[in-house]
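Biologist: Hello! I am new to this structure and would like to learn how to read it. Could we go through it together?

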Amino acid sequence: MSGFHRHRKGGLIEHTIDGLYMAMERALHSENSAHSRGLLQRLDPRVKVAGLFALILAASLATRLWVIAAVFAAAVCLAALSLISIRTLATRVWIGAFTFTAAIAIPALFLTPGATIYRLPWLNWSVTHQGVTTAGYLVSRVETTATLALLLIFTTPWMHILKALRVFRVPVVFVVILGMTCRYILLMLQTAHEMFESRKSRTVGVMSASEQRRMAISGAGVLLTKTFQLSGDVYLAMQSRGFRGEVYLLDDFRMQPRDWLALTLFAALAAAAVWTGR
Amino acid sequence: MTLFEVDRLTYSYEQVTALNELSLSILEGTRVALLGANGSGKSTLLRLLDGLYFGQSGSICFRGDELTEDLFSHEDFALEFRKEVGLVFQNPDVQLFNPTVFDEVAFSPLQLRWPKSEVRDRVDEILNRLRIFHLKDRVPHRLSGGEKKRVALASVLVLDPAVLLLDEPTAALDPRSQSQLIDLLVEWGGGAKSVITATHDLRDLGDIADRCYVLDSGLLAAEGTPDEILRDQELLQNANLVHAHRHRHVSGVTHSHPHLH
């Protein structure tokens, strides 16, 4: 059986294999989570795409922090009702989003002109009120929109999302690229996992840090080439089986009373956020 | 009736010529083996026959229609062709991209817009026939090599295509799985279907082919019946399909000579 085994100790190779293993597990976990019986999982995919997109738009347009915080709180509540744990949100979205956004937001704390509210000891740099507000908006918007996007991914099978996008007249080429990107990432993870395991099986003794870095860099190029070729073959295999860009599924989308209710609530919440957040 | 007419077909990957002015004719209802060593152009030819690649020069006609990109842009032709011709890739991983085995096998009939009740019935039937029904809710990426190969085959056979293109179907399978696969292909369609198999494995040639084409560096080196091809040791050695190696006979004699197993 093709399976993956965790490595508890070791250097770069073992850590990379572990990391790839975790990434693949997460990808499979998303698909399993989409089939559980939470609140959002029971809704029609079109309602989720439209509703969550409306909330993302509202959070992006809002110019009051408390409104963005309220949308964020609503997203966390929806996650809890959809059986997605806070831990999952924290590890899959919040930490990563905060790290990347903070790297952009931190300079704004010091560079934005305005009233000084704090001065860094030793460096004597001024943190301005306007800088804190700007950074706060950036971080809160990114965290909120990323949480809402993850809710969609975690509560909807990938193919249903693609089909729902087509219902909203998203161009075929965009949907195909989105679908292929997902497969490309999975193939890259799988190929990388095999490459590193193969490398490990041929490695005798302990590699120095510089040797490990050299190996990782040389492997990256090969990995991209191999993955590109494989993903090209995947697309050919899809074409060979009749794929022409449109997504067809066994499950029909049917709006139930609860879907209309959810759509109304999403629309009301988004409208309220846009109105109060002006 | 001619199924495929390949006329002076040339296909190159940038600097490398995979097929060089290749001409051959495949009749409807025949079982054909494309023989050749690695890199001889077999897989490329299968992709050209399946309308996935198009030659730089020369032509391929399918039942009289020349396969061109323009022709495949017509949905009616494309869907009819995909219904009639199925390709099983050498690497099953490229063919498995759906979340479950059931979804994988249902993919083609859904693309061809079969009624959904018919899709469900047909998928159940083919999974049972290939003895993989118990895998229907499994994630394809997590299956063993043999299971993946069966799922890949099921995903093509579900359409019951008139023409089956197989790229190294028994590669990386254990002997029992190889034997079961050969039996399935021999019995499939009551032997009335066209099966084109690319392989360098000569062991089951008599079972899988009525006609053989030997490719060597993108050129047609020979054609004939399996017996004619297997008797021509010089041809097989030149095409790198057999080699001499030391082995022990039942009599206990150990020596070296080219042979097929």
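Modeller: Gladly! Two residues are in contact if their C-beta atoms, placed from the backbone, lie within 7 Å. Keep in mind that this is a predicted model.

Biologist: How many residues of chain A are in contact with chain B?

Modeller: On chain A there are 22, and they meet 28 residues of chain B. Helices α1 (12-33), α7 (172-201) and α8 (209-240) of chain A each supply at least two residues of that side of chain A. The most come from α8(A), with eight residues. By type, the side of chain A that touches chain B has 12 nonpolar, five polar and five charged residues.

Biologist: Now chain B. Is helix α6(B) mostly covered or mostly exposed?

Modeller: A residue is buried if 20 or more other C-beta atoms lie within 10 Å of its own. In α6(B), 11 of the 13 residues are buried, among them B:Val151, B:Leu153 and also B:Lys148. The buried residues of this helix pack against β6 (85-88), α4 (101-111), α5 (116-129) and β7 (163-167) of chain B.

Biologist: In what order do the four strands of the open sheet in chain B come?

Modeller: The order is β2-β1-β4-β5 in chain B, with antiparallel pairing. Because β2 (16-27) and β5 (65-66) of chain B each have a single partner strand, one side of each is left without a neighbour in the sheet.

Biologist: How many bridges join β1(B) to β2(B)?

Modeller: Eight bridges join them, and B:Glu5 stands opposite B:Ser25 in β2(B). Helix α1 (residues 42-49) of chain B lies across β1, β2 and β4 of chain B, at about 120° to β1(B).

Definitions and conventions: Residues numbered from 1 in each chain as written. Chains lettered and ligands numbered in written order. Predicted model: local features only at pLDDT ≥ 70, side-chain atom pairs only at ≥ 80, totals over all residues. Nonpolar A, V, L, I, M, F, W, Y, C, P; charged D, E, K, R; others polar. Buried ≥ 20, exposed ≤ 12 C-beta atoms within 10 Å, placed from the backbone. Pairing = 2+ DSSP bridges. Axes fitted to C-alpha atoms, helices over the stretch in contact; angles between N-to-C directions.
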